[in-house]
Amino acid sequence: MEAKKLEVKKCPYCKEEIIKTATVCKHCHTDFCSIDDKRKILHFIWFSIRYLLIIPAVIACILLVLYAITLGARLCKSYF
């Protein structure tokens with residue numbers, strides 16, 4: 001039975017052989033993710049945090065407007 005041979009490439013930093021599909025070198029631990037991949041991850045994190053902060057702020061503004069409307073209606077009734 002013949003063993004399957006994996007395609008290999010050399011790490012551009014330490015020059016050791018690694019599996020071609022590797023994303024991290026097992027020898028020098030260099031991350032091979034492209035800058036675009038890292039930007040996409042940071043972009044996703046930024047928008048996730050942004051929406052987590054914006055949604056409660058919008059809800060608070062809506063509640064504040066509703067409270068002001070009901071308070072104004074109460075004040076108008078007390079004058080008439």
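Of the 80 residues of the protein, 5% count as buried, where buried means under 20% relative accessible area, exposed means over 50%, and partly exposed is anything in between, with a 1.4 Å probe and protein chains only. The structure is a predicted model, in which local features need pLDDT of at least 70 and side-chain atom pairs count only at pLDDT 80 or more, while totals for chains, interfaces and linings use all residues. Residues are numbered from 1 along each chain as its sequence is written, and side-chain values use heavy atoms, with hydrogens and water left out.

The protein exposes about 7700 Å², and carbon and sulfur atoms supply 69% of that area; accessible areas come from the Shrake-Rupley method with a 1.4 Å probe, and for residues only the protein chains shown count as cover.

The secondary structure comes to one helix and two strands, and along the sequence these follow the pattern β-β-α. Helices (H or I, at least four residues) and strands (E, at least two) are DSSP runs numbered from the N terminus. Among contacts between residues at least 6 apart in sequence, 0% join residues at least 24 apart, a contact being heavy atoms within 4.5 Å.

A nonpolar surface patch of about 920 Å² is made by Tyr51, Ile54, Ile55, Val58, Ile59, Ile62, Leu63, Val65, Leu66 and Ile69. Patches are made of residues with over 30% relative accessible area and no salt bridge, with like charges joined within 9 Å and nonpolar side chains (Val, Leu, Ile, Met, Phe, Trp, Tyr) within 5 Å; a salt bridge is a side-chain nitrogen of Lys or Arg within 4 Å of a carboxyl oxygen of Asp or Glu. One of the patch residues, Val65, lies in helix α1, which spans residues 35-79, and Val65 counts as partly exposed because its relative accessibility is 48%.

Tyr51, also listed in the patch, has Arg50 over the face of its ring, at 5.7 Å from the ring centre. A charge sits over a ring if NZ of Lys or CZ of Arg is within 6 Å of the ring centre and within 35 degrees of the ring normal.

Most residues other than glycine have a negative phi.

| Residue | Phi | Place |
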